[in-house]
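This briefing covers salt bridges, the ligand shell and the pockets of one structure. Please read it alongside the sequence and the model.

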Amino acid sequence: MNFMTLTEKILSRAAGKAGVEAGENVWVNADLLMTHDVCGPGTIGVFKREFGPKAKVWDARKVVIIPDHYIFTADSKSNRNVDILREFVREQGLSYFYDVIDDPKGHWVFDSSKGPLQRQYGSAYAGVCHTALAQKGHTRPGEILFGTDSHTCMAGAFNEFATGIGNTDAGFVLGTGKLLLKVPETMHFRLEGKMQPGVMAKDVILNCIGEIGFDGATYRALQFDGSGVAGLSMDDRMTIANMAIEAGGKNGIFEFDAQTQAAVDYRCKLNGTQSSYQPVERDRDEKFVYELIVDLAKLEPTVACHPDPGQRKLAKELGHIKLDRAYVGSCTGGKTSDFLEFARVLKNKRVVIDTFGVPATPEIVRDLQSARWGEKTVWQILVDAGVQMTENAGCAACLGGPVDTFGRMNAPLKCISATNRNFPGRMGHKESQVFLASPATVAASALTGKITDPREFLS
Ligand code: SF4
């Protein structure tokens, strides 16, 4: 009998085969294709070139389009990209388009005279694609999700095979609903124990990547399981799966449990999306190419230093590194739970360096503006601490963007950031430096102006 890993099981089912082995090439059927404003126009171009100007996508209910990257900028070419997506959605009759504006015949223009903080989107806008996919009921166990974005692997938190693909592959999927994939080998990360106060999911994944290096999982699946997973929220699992690609991974994947089921069922019902799915379970005798046991109780606040996500150090060892700014946001670090931990450290205190807060989605903006701690909302607590909080949820400076992007580093600054990638130039200026850390570590560092262990501020 062929024992398979979670990834192999999903690929084997999607290929219509009884079993697959790592290294084998298989044609798989896609359950969903997601694209956004940066790669969508290119993907559409490939699709039209290869399948013809009048071609129709393989399934109009299985394409999800989420503008999120270069949105809140006066750059006209970036604004135009959103219009290209809207035209394609209209022409194809696609079911899921989370437009920036409400007028289906309108044009998107960012009004920079209103400033970067005030909300400028309509009612359908959903924010950062990976966080939005989950909130809008598009992540389902056992499915195959392709996205034209490397952090598509975040949906592996929901026990699905989710991976980033390029525009050419995405154009092919648009036309056929299929893709040829090499089955990746699987690396096993067994999580045990419980995280201590001050330690977050970001510290878990920075430790895993630090162990294997930023290319240590190239074209491999990262399977996270073990008794410690039960103590991780779905947000925690999303943070961890999101960064599988930061070690070069093809995908990251978690086991299915009652928490997964509750989250997926709630979101599918709320949004009226497909509610049926088939999770995959472990075989227990599956073969891995690598095994690591991670004792969550022993982890400490961790930082990935410039210039790559594998440069692991403990926050408490880096007090000599002075910072110019702090940033909380992105798919991996801009969720409601991330901002709550950020606010817990900052409450009744004041940051001493420029500090930016960019919620990943409009729903998270609403969460933070409605959650009250005593007299104040969490949003107000952050503003009072000196954080520049924007209502314009999106990718913002996580990947630099046009020069007027909120929080972008336009000079060779040092930034501590709750985002997921820190290769040179990632957040703007090519000589800037980014230190990746949890929202709690970002908060503590914003209070002191140097890299700081958040446990110093725990009461
Ligand atoms: S928030 Fe950053 S990592 Fe996430 S999709 Fe946007 S640019 Fe990519």
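A residue counts as buried when its relative accessible area is under 20%, as exposed when it is over 50%, and as partly exposed in between. The model is predicted. By the rule used here, 25 salt bridges are counted, and the ligand has a shell of five nonpolar, five polar and two charged residues. The largest pocket has a volume of about 510 Å³.

**Salt bridges**

- Arg-237 and Asp-257 form a salt bridge through their side chains, at 2.9 Å from N to O. This pair links distant parts of the chain, with Arg-237 in helix α7 (residues 234-242) and Asp-257 in the loop between β10 (251-254) and α8 (258-271), 20 residues apart.
- Arg-237 counts as buried because its relative accessibility is 0%, whereas Asp-257 is partly exposed at 23%.
- The side chains of Arg-344 and Glu-341 meet in a salt bridge of 3.0 Å, N to O. Arg-344 and Glu-341 lie three residues apart in helix α10 (residues 336-346), so about one helical turn separates them.
- Arg-344 is partly exposed, with a relative accessible area of 47%, and Glu-341 is also partly exposed, at 26%.
- Arg-455 and Asp-453 are joined by a salt bridge of 2.6 Å, N to O. Arg-455 is partly exposed at 32%, while Asp-453 is buried at 5%.
- A network of salt bridges links Asp-453 and Arg-455 with Glu-300 and Lys-316.

**Ligand surroundings**

- The residues around the ligand include His-69, His-130, Asp-149 and His-151.
- Cys-331, Cys-395, Cys-398, Asn-420 and Arg-426 are also among them.

**Largest pocket**

- The largest pocket, of about 510 Å³, is lined by 32 residues, of which Pro-197, Gly-198, Val-199, Met-200 and Glu-341 are the closest to its centre.
- Elements giving two or more residues to this lining are α6 (201-212), α7, α9 (330-333), α10 and α13 (439-448).
- Helix α10 gives the most to the lining of the largest pocket, with six residues.
- The lining of the largest pocket divides into 14 nonpolar, 10 polar and eight charged residues.

**Second largest pocket**

- The second largest pocket holds about 340 Å³ of space. Of its 21 lining residues, Asp-31, Lys-62, Arg-140, Glu-143 and Gln-274 are the closest to its centre.
- Helix α1 (residues 6-14) supplies the largest share of the lining of the second largest pocket, three residues.
- The lining of the second largest pocket has seven nonpolar, seven polar and seven charged residues.

Note on methods
Residues are numbered from 1 along each chain as its sequence is written. This is a predicted model: local features need pLDDT of at least 70, side-chain atom pairs count only at pLDDT 80 or more; totals for chains, interfaces and linings use all residues. Side-chain values use heavy atoms; hydrogens and water are left out. A salt bridge is a side-chain nitrogen of Lys or Arg within 4 Å of a carboxyl oxygen of Asp or Glu. Helices (H or I, at least four residues) and strands (E, at least two) are DSSP runs, numbered from the N terminus. Buried means under 20% relative accessible area, exposed over 50%, partly exposed in between (1.4 Å probe, protein chains only). A residue is near a molecule or strand if one of its heavy atoms lies within 4 Å of it. Ala, Val, Leu, Ile, Met, Phe, Trp, Tyr, Cys and Pro count as nonpolar, Asp, Glu, Lys and Arg as charged, and the others, Gly among them, as polar. On a 1 Å grid over the protein atoms alone, a cavity is a set of points where a 1.4 Å probe fits but cannot get out, and a pocket is an open set with protein on both sides within 12 Å along at least five of seven lines; lining residues have an atom within 4 Å of a point. Grid points are joined across faces, edges and corners, and a volume is the space filled by probe spheres set on the points.
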